[in-house]
Amino acid sequence: MTNAKEEVLATAAVPEDRPALPWPTVSTVMVGMFMAILDSFIVVVAGPAIQDDLGATVGQLQWILAGYQLSYAVFMITGGRLADLYGRKRVFVIGTALFTLSSLACAMSQSPAALIVARIAQGLGAALMVPQVFAVITLSVPEKGRPRVFGVLGMVIGMATISGQLVGGLLIGADLFGTDWRSVFWVNVPIGIATLVLALKFVPESRSEGARKLDFAGVAALSAALLLLTYPLIQGREEGWPWWAWACFVASAAAFALFVVLERNLERRGGDPLMRLSLFSQRSFSLGIVLVLAVYALLTSYYLALSIAMQDGLGLSALGSGLVYTPAAVTFFVFSLIAGRLVPKYGRRVLEVGSVVLALGYLATAVVLLSGPRLTPLLVIPTLMLQSVGGGLLITPLLNTVLSRVSAETVGMASGALSTAQQVGGALGVAVIGAVFFNSFDPADGGRVHAAGHAFAMSSLTTFGIAVLASALVFLLPKHTRAGK
């Protein structure tokens, strides 16, 4: 018999005596989300120091960065489904523990191979943590309070995304206790331990009442499909898009088709599929998944391109490069707060304005750089701030919009799909924008500063095109949202 504190909550409704906004619960899981997303970006600025200290090759360094994203993306939906079956609190705690222990292993690694293995384990921990964040919020917060809480979550995600390189630069620059690059991993350990303690105390247990057993055939097919998709996206550009990369894409499409057939047949037989395909019949969810792919393709790739432009082009340190993001980070924070107040009154219009302003911010950067001036931090800071105005208005309410019509019974799998879209979008963006940046970066033509400015301008134009697509998707979203409808 389970302990009273671990009693499974009914997933169909929120108890009436629960606080309207259970901030201890939602804040705890948001810390897990912040750590997971931050670690996708914080390591970027640590790359040169890791390479110098451990003697890593370029390929090994790429896997130190990509191994995390790969395991994170591949196991995300499975992580959400495991929580439906065995309890969201339990899986969140296991994921946080694995993330914390693997962060410790990263910080203590003495070879590139050991660091790569630890990073893959860290990504697996993130895949177990992150889907539970959406599910816990959906199940713990009354419907009327969700826009506000999802607004805060959007702000947390955005801040983790745009502040990762700033935080990494500050930690490496501070060289805490002589740890140099290892501090970007050490910082996760005390935060992870605190999150574990708080999760055990504040996060209620819940699982899907209809879940019976794990769909192993679906897990295998989906994991293979995602691996075959994300691996060449991460590794293909570095190796010049060889034949095997395109073969992986074809095999990925076949694996996705097999997954659809398996899930459809299992659901027809009355079984318990890993992903209910009926979710994609809901316009807000299906459009939202594509929108999340596009938005995170923008964010991940663009800040990576800017970091390279600042460090390799202008010769800034990790700290100096990180400080370039500070005004944009502050702007994002302010407009995230504003979005939280505007959405209840104006709804989708806030996302529409945000998407248009975000696209204009990328276009403005390209126009400024292509008009003649040499690249400097002061030249791009204003346009980065304009992007953050749009990003704050778009990203903050985006999650609630996508999940607003998802029922409690499918929130775990929907959350996993949404989180997977974030990671796949990030990998896709790095592949596309990375190719544009490096193909345009030619120091032999006018020097490194000129080359970095030109490459960043071309990256901004490409990103503008993706942002226009994202904006069009926003205008197609339902104007009104009602949970479960």
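A residue is called buried when its relative accessible area is under 20%, exposed when that area is over 50%, and partly exposed in between, using a 1.4 Å probe and protein chains only. Ser 440 has 17% relative accessibility, so it counts as buried.

The model here is predicted: local features need pLDDT of at least 70, side-chain atom pairs count only at pLDDT 80 or more, and totals for chains, interfaces and linings use all residues. Residues are numbered from 1 along each chain as its sequence is written, and side-chain values use heavy atoms, with hydrogens and water left out.

Start with the whole chain. It has 18 helices and zero strands. Both are DSSP runs, numbered from the N terminus: helices are H or I with at least four residues, strands E with at least two. The radius of gyration is 22 Å, close to the 23 Å of the globule rule for 485 residues, so the chain is as compact as a globular protein of that length. This radius is taken over C-alpha atoms, and the rule is 2.2 Å times the number of residues to the power 0.38. Along its principal axes, the C-alpha trace spans about 70 × 50 × 45 Å. Buried residues make up 57% of the 485.

Contact means heavy atoms within 4.5 Å. Of the contacts with a separation of 6 or more, 83% join residues 24 or more positions apart.

Now look at one pair of helices. Two packed helices are described by the angle between their axes and the distance between the axes. H7 (residues 146–174) and H16 (residues 377–403) pack at about 130°, with axes 8 Å apart. That makes H7 oblique to H16. Angles under 35 degrees count as roughly parallel, over 145 as roughly antiparallel, 65 to 115 as roughly perpendicular, and the rest as oblique. Axes are lines fitted to C-alpha atoms, for helices over the stretch in contact, and angles run from 0 to 180 degrees between N-to-C directions.

Which residues in H7 meet H16? Among them are Phe 150, Leu 153 and Ile 157. On the H16 side, the contact includes Ile 395, Leu 399 and Leu 403.

Ser 440 lies in helix H17 (residues 411–440). Leaving aside neighbours within four places in sequence, Ser 440 touches Ala 451, His 454, Ala 455 and Met 458. Ser 208 sits in the loop between H9 (188–202) and H10 (216–235). At 6% relative accessibility, Ser 208 counts as buried.
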